[in-house]
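Visitor: Could you walk me through this one? I'd like the overall layout, then the details.

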Amino acid sequence: MNQEKKINSKQKLALERIYRLFELANQMQKSTLEEKENLTKKYLTLAKKIGEKNNVSIPKELKKTFCKKCYSLNIKKLEQPPFLIIKCINCKFEKKFRLDLKTSI
Ligand SMILES: [Zn+2]
């Protein structure tokens, strides 16, 4: 099964914006602003909206960095092969990802 999809230039741009928004959200998370949780959430919600609008999904590597329930970056990663468990410190939501077990050369 070949999952590779060709994306058009509009989608490529959307993806770039998504990455940028996650970058901003991560920077925000490190700041001391009182509003940081709200702003982080705003960036991540926007990233998701851009994805939906342009029919691109949030890249897998980014999906593992936030809680999809409350859009918080305040998560804990637990490796329990064959799973990677993402636990949200804010709302206690847990999400399991299958670890990529392909041996890298
Ligand atoms: Zn959460």
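This is a predicted model: local features need pLDDT of at least 70, side-chain atom pairs count only at pLDDT 80 or more; totals for chains, interfaces and linings use all residues.

Visitor: OK, how many helices and strands are in the chain?

Guide: Three helices and three strands, in the order α-α-α-β-β-β along the sequence. Those are DSSP runs numbered from the N terminus: H or I of at least four residues for helices, E of at least two for strands.

Visitor: And what share of the chain is buried?

Guide: Buried residues are 30% of the 105 in the chain. Buried is under 20% relative accessible area, exposed is over 50%, and partly exposed is in between (1.4 Å probe, protein chains only).

Visitor: Tell me about α1. What does it reach from end to end?

Guide: Helix α1 covers residues 9–30 and reaches 32 Å from its first C-alpha to its last, close to the 32 Å expected. That expected span is 1.5 Å times one less than the number of residues.

Visitor: Which residues of α1 are buried?

Guide: Among them are Ile-18, Leu-21, Phe-22 and Met-28. The buried residues of α1 fall within an arc of 120° seen down the axis, so they line one face of the helix. The arc is taken from the directions from the helix axis to the C-beta atoms.

Visitor: What do they pack against?

Guide: The buried residues of α1 pack against α2 (36–54) and α3, with contact meaning heavy atoms within 4.5 Å. Ser-9 and Lys-30 are exposed on the face of α1 turned away from that buried side.

Visitor: Switching topic: which residues are the protein donors of the zinc ion?

Guide: Cys-67, Cys-70, Cys-88 and Cys-91, each through SG, lying 2.3 Å from the zinc ion. Donors are N, O and S atoms within 2.8 Å of the metal (3.2 Å for Na, K and Ca); water is not among the atoms, so sites may look incomplete.

Visitor: What's the geometry of the zinc site?

Guide: Tetrahedral, with angles of 104 to 114° among the four donor atoms. Four donors get that label if all angles lie between 85 and 135 degrees. Cys-70, between α3 and β1, and Cys-91, between β2 and β3, sit in loops 21 residues apart.

Visitor: Are those two cysteines buried or exposed?

Guide: Cys-70 is buried at 18% relative accessible area, while Cys-91 is partly exposed at 32%.

Technical notes. Residues are numbered from 1 along each chain as its sequence is written. Side-chain values use heavy atoms; hydrogens and water are left out. Four donors count as tetrahedral if all angles lie between 85 and 135 degrees; four count as square planar and six as octahedral if opposite donors are over 155 degrees apart and all others between 65 and 115; anything else is irregular.
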